[in-house]
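Work through the exercises below with the model open. Try each task before reading its solution.

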Amino acid sequence: MTAESFERAPHAGAGASYAAAGVDIEAGDRAVELMKEWVKKTQRPEVLGGLGGFAGLFDASALKRYERPLLASATDGVGTKVDLARKMGVYDTIGHDLVGMVVDDLVVCGAEPLFMTDYICVGKVHPERVAAIVKGIAEGCVLAGCALVGGETAEHPGLLGEDDFDVAGAGTGVVEADRLLGADRIRTGDAVIAMASSGLHSNGYSLVRHVVFDRARMSLDQQIEEFGRTLGEELLEPTKIYSLDCLALTRTTGVHAFSHITGGGLANNLARVIPDSLHAVVDRSTWTPGAVFDLVGKAGQVERLELEKTLNMGVGMIAVVPEESVDVALTTLADRGVDAWVAGEITERGEHTTGATLTGDYAG
């Protein structure tokens, strides 16, 4: 099921002790016990073994149904969004962000996420806090259809403050070789379909924190009318996980490529999957970015181009599909509760154009 464990050291003998150095093994063991129920929820039939092993096991014989299985791997973290979780004392959402950052990178090439491992580094183990983080990771894995097969919780006294922590994760997926998605499939006339983000996701928080705290002097418990909730609640909104939605598109349409809109913004990330001879044109007038993007821009006097190269501006995932697949794609996503729309098209690349360009002005 998982190799979730707590970092230990050799017996220290009669003088100095691990506990005296600031590492609480008992608290670590308690955290592992508390997280068991959540890890169990992520089980897939291919996962073997039990909690506390040294490695997570996944039965690779399940890949025999593939003609030529390609394994995909991705790793990521959540960035400075963890600082907001710490300040708010809310730890059970940050795991959704971690899973989303990893599995939605995997699915870009058409890969089904199979399993993840996590790494949680803390200044001091607070068992309930660690278990809450793992709960969020497990819930995210359930949404992504993958298993949580391993993890590590490490206590680093002296390097991190007692309430400080960070999280990272790695994931593995599989795709049939002849169904691998990417730039080589994209053709002139393909449609660019945008899928709405749930908010900021997990990118650009260094800019966001600088704007709202240092420049605007706002507080996390400040009620924001446009949000219908507090600033902190808006900023902690979990990253939307698109992996199963994207996989559904691969089954119902001839989708050519996906682009996960993370750090660098929409144009830069979309350009990563556009072939050198082609160009993606995205029309801003097809959507209205959420209120949080407007707040960051106005409160920090951040120019639009700076916002666009830092934040997702309301689009978390892009699908590039043949024109004849547009209606089926939009219907598939709508049936799955995903807000999606045609945001642009693929054209021939001109002499002075780059991989992707945003044109027009945002609606509203």
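**Aromatic rings**

Ring pairs link Trp287, Trp341 and Tyr362 into a cluster. The model is a predicted one.

**Exercise 1.** Classify the ring pair of Trp287 and Tyr362, and state which parts of the chain hold the two rings.

*Solution.* 
- Step 1. The ring centres of Trp287 and Tyr362 are 5.4 Å apart, and the planes stand at 70 degrees.
- Step 2. Planes over 60 degrees apart count as edge-to-face, and that is the class of the pair Trp287 and Tyr362.
- Step 3. Trp287 sits in the loop between β12 and α9, and Tyr362 in the segment after β15, so the pair ties together parts 75 residues apart in sequence.

**Exercise 2.** Trace the order of the strands in the open sheet of six. Which strands stand at the edges?

*Solution.* 
- Step 1. The order is β11-β13-β8-β14-β12-β15, with mixed pairing.
- Step 2. β11 (257–260) and β15 (356–359) are the edge strands; each has a single partner strand, so one side of each lacks a neighbour in the sheet.
- Step 3. On average, neighbouring strands of this sheet are turned by 25 degrees against each other, direction ignored.
- Step 4. Now take the pairings of β8 (residues 191–196). β8 runs antiparallel to β14 (residues 340–348), with five bridges. β8 also pairs with β13 (residues 315–321) in the antiparallel sense, over six bridges.
- Step 5. Locate partners across these pairings. Ile193 stands opposite Val342 in β14. Met195 has Met317 in β13 as its bridge partner.
- Step 6. Move on to β12 (residues 278–283). Five bridges join β12 to β14, again antiparallel. Val282 stands opposite Gly344 in β14.

**Exercise 3.** Identify the strands that helices α7 and α11 lie across.

*Solution.* 
- Step 1. Helix α7 (residues 243–252) lies across β8, β11 and β13, at about 170 degrees to β11.
- Step 2. Helix α11 (residues 326–335) lies across β8, β13 and β14, at about 10 degrees to β8.

**Helix α9**

**Exercise 4.** List the buried residues of α9 and the elements they pack against.

*Solution.* 
- Step 1. In α9 (residues 291–299), the buried residues are Val292, Phe293, Leu295, Val296 and Gly297.
- Step 2. They pack against α5 (205–215), β9 (223–224), α6 (231–235) and α10 (304–308).
- Step 3. Just after α9, Gln301 has a positive phi of about 50 degrees.

Technical notes:
Residues numbered from 1 in each chain as written. Predicted model: local features only at pLDDT ≥ 70, side-chain atom pairs only at ≥ 80, totals over all residues. Heavy atoms only, no water. Buried < 20%, exposed > 50% of the residue type's maximum accessible area, 1.4 Å probe, protein only. Helix = DSSP H or I, 4+ residues; strand = E, 2+ residues; numbered from the N terminus. Contact = heavy atoms within 4.5 Å. Pairing = 2+ DSSP bridges. Axes fitted to C-alpha atoms, helices over the stretch in contact; angles between N-to-C directions. Phe/Tyr/Trp six-rings, centres within 6.5 Å; stacked < 30°, edge-to-face > 60°.
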